[in-house]
Amino acid sequence: ITLAITNLSTSSATLPSLSTGVGGSGAVLLPQFAAGGGWASEIVIVNPGSSSLTVRVDLFKQDGTALSTGLNNTTASSFTNIVIPANGVYVLAPRNADGDDDF
């Protein structure tokens, strides 16, 4: 299943800031993320802009605690300082030993 999410909001409503750099203005909440039990999510971030974009992806369990999982051969709950070039695409996904994903 592919779920496209675009943040085109011009309202002043923002997600609460959970900690420095987590939530707040410009944050997007993805309510579902699968990791384990034969299920996995892939996050594809597209930058349609004319300048580079730096993003951060934080993963949380249902109870709000950090969810550590393996994406792009790194196990973490926060993937920070991801730089996406102008008109670029960045994919976070579980990877095998060859660096391929199963999607």
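Reader: Is Gly24 buried or exposed, and what is its relative accessible area?
Author: The general idea is that a residue counts as buried under 20% relative accessible area. This is a predicted model, and here Gly24 comes out at 6%, so Gly24 is buried. Gly24 belongs to strand β2, residues 22–24.

Reader: Which residues is Gly24 in contact with, leaving aside neighbours within four places in sequence?
Author: For Gly24 these are Thr14, Leu15, Pro16 and Ser17. Take Thr14: 10 residues separate Thr14 from Gly24 in sequence, and their C-alpha atoms are 5.5 Å apart in space.

Reader: In what sense do β5 and β10 pair, and over how many bridges?
Author: β5 pairs with β10, residues 89–92, in the antiparallel sense over 4 bridges. Within that pairing, Val44 has Val91 as its bridge partner.

Reader: And which residues make up the largest nonpolar core?
Author: That core has 12 residues, including Ile43, Ile45, Val57, Phe79 and Leu92. β5, β6 and β9 each supply at least two of its residues, and the largest share, 3 residues, comes from β9.

Reader: What does Ile43 contact, beyond neighbours within four places in sequence?
Author: Ile43 is in contact with Leu30, Phe33, Val57, Tyr90, Val91 and Leu92.

How values were computed
Residues numbered from 1 in each chain as written. Predicted model: local features only at pLDDT ≥ 70, side-chain atom pairs only at ≥ 80, totals over all residues. Heavy atoms only, no water. Core = buried A, V, L, I, M, F, W, Y, C linked by side-chain atoms within 4.5 Å. Buried < 20%, exposed > 50% of the residue type's maximum accessible area, 1.4 Å probe, protein only. Contact = heavy atoms within 4.5 Å. Pairing = 2+ DSSP bridges.
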